[in-house]
Amino acid sequence: MIEFFSDYMSWSNFFYLVGIILAGYATSVTAKNRAIFIEIQELVETLERVNKDKKVTAAEKKEVMKEALDVAKAIIASKWKFWRKK
C-alpha cells in the first residue's frame with residue numbers, strides 16, 4: 001500500500017496539485033465577481049479619458065462619481081447575493 005502512494009505522491013505532483021487547486025479557486029472567484037471587474041474596468045477607462053487633457057470639468061467629475069457609485073453598487077450586489085445564498 002505504501003509503495004502505491006510513493007509511486008504517485010512526490011513533491012512535484014504535490015505542487016502541481018496545489019497549483020491546480022489555486023487556479024480553480026481563482027477562476028471561481030473571478031466568475032462570481034465578474035460584474036465588479038467590469039465596473040472597475042469602466043471606471044478606469046473613464047478616468048483615463050477624463051484625465052487625458054489634464055483638465056477635469058464639473059460634468060466629468062459627475063461622470064467619474066457615477067462610475068465609482070456603479071462599482072460600489074456592484075460590490076454591494078455581489079455581497080448581498082453571497083449572504084442570501086447562505
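Trainee: Let me start with Phe-14. Is Phe-14 buried, partly exposed or exposed?
Mentor: This is a predicted model, and in it Phe-14 is partly exposed, with a relative accessible area of 38%.

Trainee: Which helix is Phe-14 in?
Mentor: Phe-14 sits in helix 2, which covers residues 11-32.

Trainee: And which residues form a nonpolar patch on the surface?
Mentor: That patch consists of Trp-11, Phe-14, Phe-15, Val-18 and Leu-22. Together they have about 570 Å² of accessible area.

Trainee: Let's zoom out. How many helices and strands are there in the chain?
Mentor: The chain has four helices and zero strands, so along the sequence the pattern reads α-α-α-α.

Trainee: What share of the residues is buried?
Mentor: Of the 86 residues in the chain, 14% are buried. The chain exposes about 7,800 Å², and 67% of that comes from carbon and sulfur atoms.

Trainee: New topic: Thr-46. Where does Thr-46 lie?
Mentor: You'll find Thr-46 in helix 3, residues 34-50.

Trainee: Why does Thr-46 count as buried?
Mentor: Because its relative accessible area is 6%, and buried means under 20%.

Trainee: What does the side chain of Thr-46 reach?
Mentor: The Thr-46 side chain reaches the backbone oxygen of Glu-42, at 2.9 Å.

Trainee: Leaving out residues up to four places away in sequence, which ones does Thr-46 touch?
Mentor: With those left out, Thr-46 touches Glu-63, Val-64 and Glu-67.

Trainee: Okay, Val-64 then. Where is Val-64, and is Val-64 buried or exposed?
Mentor: Val-64 belongs to helix 4, residues 58-85. Val-64 is buried, with a relative accessible area of 16%.

Trainee: Which residues does Val-64 touch, again not counting those up to four places away in sequence?
Mentor: Counted that way, Val-64 touches Leu-43, Thr-46, Leu-47 and Val-50. The C-alpha atoms of Val-64 and Val-44 are separated by 9.2 Å, and these two residues are 20 apart along the chain.

Trainee: Last one: Lys-54. Where is the place of Lys-54?
Mentor: Lys-54 is in the loop between helix 3 and helix 4. With 74% relative accessibility, Lys-54 counts as exposed.

Trainee: What is phi for Lys-54?
Mentor: Lys-54 has a positive phi of about 65°, although it is not a glycine. Most residues other than glycine have a negative phi.

How values were computed:
Residues numbered from 1 in each chain as written. Predicted model: local features only at pLDDT ≥ 70, side-chain atom pairs only at ≥ 80, totals over all residues. Heavy atoms only, no water. Helix = DSSP H or I, 4+ residues; strand = E, 2+ residues; numbered from the N terminus. Buried < 20%, exposed > 50% of the residue type's maximum accessible area, 1.4 Å probe, protein only. Polar contact = N/O pair within 3.5 Å; in protein donor to acceptor, adjacent residues only side chain to side chain. Contact = heavy atoms within 4.5 Å. Patch = residues over 30% accessible without salt bridge, like charges linked within 9 Å, V, L, I, M, F, W, Y side chains within 5 Å. Areas by Shrake-Rupley, 256 points an atom, 1.4 Å probe, with all protein chains shown as cover. Salt bridge = Lys/Arg side-chain N within 4 Å of Asp/Glu carboxyl O.
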